[in-house]
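Subject: Handing over a structure, with notes

Dear colleague,

I am passing this structure on to you, and I would be grateful if you could look through it alongside the notes below. Please open it first and keep it in view while you read.

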Amino acid sequence: MIAAAFAPAHAGPSAAPSPYSMACQSCHKPDGSGVRGVFPRISSRLGAAAQTAEGRKWLIATVLFGQSGAIVVDGKPIRSAMPAFARLSDSPVAETLNWLLAGAGKPFNAAEVAAMRAQPGMSAAKVGQMRAGLAKAGTIK
Ligand code: HEC
């Protein structure tokens, strides 16, 4: 039953896997386009991050630990926080990121998520600091 609940919905190219529809789309919208100045667009802008080791850790960490701190997305500041989704197990987290990244970079897997989950001292604020480093380096726009 649990496996069925997390099975990806292959209804069409824009159909989100069910962890995304249950946990993410209320804020980021079903297609990941977000709400400008409120919830960041997460579709079609995180591919570069998915191709670096630090960026991959950050992407996984946003889901597991949330993120806080001021950011700028699509030219608009966002001063908000994303809640942590540590309750999602490793495979659904990997599956959600793979759907979101749509083939940019190598696929995420459960082991990569488990390794990030085991990192000590993580918090939404720490994830915000990871992001600041990546934004400074131009990996996140
Ligand atoms: C309650 C609203 C909410 C939900 C639900 C939510 N997010 Fe977020 N998310 C945010 C906000 C707000 C930010 C920006 C936080 C900040 O200002 O640093 C964010 C940031 C992100 C980022 C980083 C974007 C960037 O450029 O920094 C990613 C990736 C992300 N969310 C993915 C997800 C995924 C995947 C899920 C589902 C597991 C999810 N979010 C659920 C509100 C939400």
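This is a predicted model: local features need pLDDT of at least 70, side-chain atom pairs count only at pLDDT 80 or more; totals for chains, interfaces and linings use all residues.

**The chain as a whole**

The protein chain contains seven helices and four strands, and, read from the N terminus, these elements follow one another in the order α-α-α-α-β-β-β-β-α-α-α. Of the 141 residues in the protein chain, 27% are buried.

Helix H4, which covers residues 53-65, packs against helix H5, residues 90-101, at an angle of about 125°, and the two axes are 11 Å apart. Because angles from 65 to 115 degrees count as roughly perpendicular and those over 145 as roughly antiparallel, H4 and H5 are described as oblique to each other. Their crossing is right-handed. On the H4 side the contact is made by Leu59, Ile60, Val63 and Leu64, which meet Val93, Thr96 and Leu97 in H5; sorted by class, this contact has six nonpolar residues, one polar residue and no charged ones.

H4 also packs against helix H6, residues 110-117, where the axes come within 10 Å and cross at roughly 70°, so that H4 is roughly perpendicular to H6. Here Arg56, Lys57, Ile60, Ala61 and Leu64 in H4 meet Glu112, Val113, Met116 and Arg117 in H6. The residues of this contact divide into five nonpolar, no polar and four charged. Ile60 and Leu64 are listed in the contact of H4 with H5 and are listed again in the contact of H4 with H6.

The remaining pair in this group is H5 and H6, which pack at an angle of about 110° with their axes 8 Å apart and are therefore roughly perpendicular to each other. The crossing of H5 and H6 is right-handed. In this contact Asp90, Ser91, Val93 and Ala94 in H5 meet Ala110, Glu112, Val113 and Ala114 in H6, and the residues divide into five nonpolar, one polar and two charged.

Glu112, which lies in H6, takes part in the contact with H4 and also in the contact with H5. Leaving aside residues up to four places away in sequence, Glu112 touches Arg56, Ile60 and Ala94. Glu112 and Ala94 are 18 residues apart in sequence, while their C-alpha atoms are 8.2 Å apart in space. Glu112 has 19 C-beta neighbours inside 10 Å and therefore counts as partly exposed, since a buried residue needs 20 or more.

**Around the ligand**

The ligand is surrounded by 27 residues, of which the closest are Ala23, Cys24, Cys27, Ser80 and Met82. Several elements each supply at least two residues of this shell, namely helix H3 (25-28), H4, strand S1 (67-68), strand S2 (71-73), strand S4 (81-82) and helix H7 (124-136). By class, the shell consists of 17 nonpolar residues, nine polar residues and one charged residue.

**The loop between H3 and H4**

Most residues other than glycine have a negative phi. Lys29, which is found in the loop between H3 and H4, has a positive phi, near 75°, and Lys29 is partly exposed, with 16 other C-beta atoms within 10 Å. Ser44, found in the loop between H3 and H4, likewise has a positive phi, near 55°, and with 13 C-beta neighbours inside 10 Å Ser44 counts as partly exposed.

Gly47 also lies in the loop between H3 and H4, and counts as partly exposed because it has 14 C-beta neighbours inside 10 Å. Not counting residues up to four places away in sequence, Gly47 touches Leu101, Ala104 and Gly105. Gly47 and Gly105 are 58 residues apart along the chain, yet their C-alpha atoms are separated by 6.8 Å.

Notes:
Residues are numbered from 1 along each chain as its sequence is written. Axes are lines fitted to C-alpha atoms, for helices over the stretch in contact, and angles run from 0 to 180 degrees between N-to-C directions. Angles under 35 degrees count as roughly parallel, over 145 as roughly antiparallel, 65 to 115 as roughly perpendicular and the rest as oblique. A crossing is left-handed if the near helix is turned anticlockwise from the far one by less than a right angle, and right-handed if clockwise. Two residues are in contact if their C-beta atoms, placed from the backbone, lie within 7 Å. Ala, Val, Leu, Ile, Met, Phe, Trp, Tyr, Cys and Pro count as nonpolar, Asp, Glu, Lys and Arg as charged, and the others, Gly among them, as polar. A residue is near a molecule or strand if its C-beta atom, placed from the backbone, lies within 6 Å of it. A residue is buried if 20 or more other C-beta atoms lie within 10 Å of its own, exposed if 12 or fewer, and partly exposed in between; C-beta atoms are placed from the backbone.
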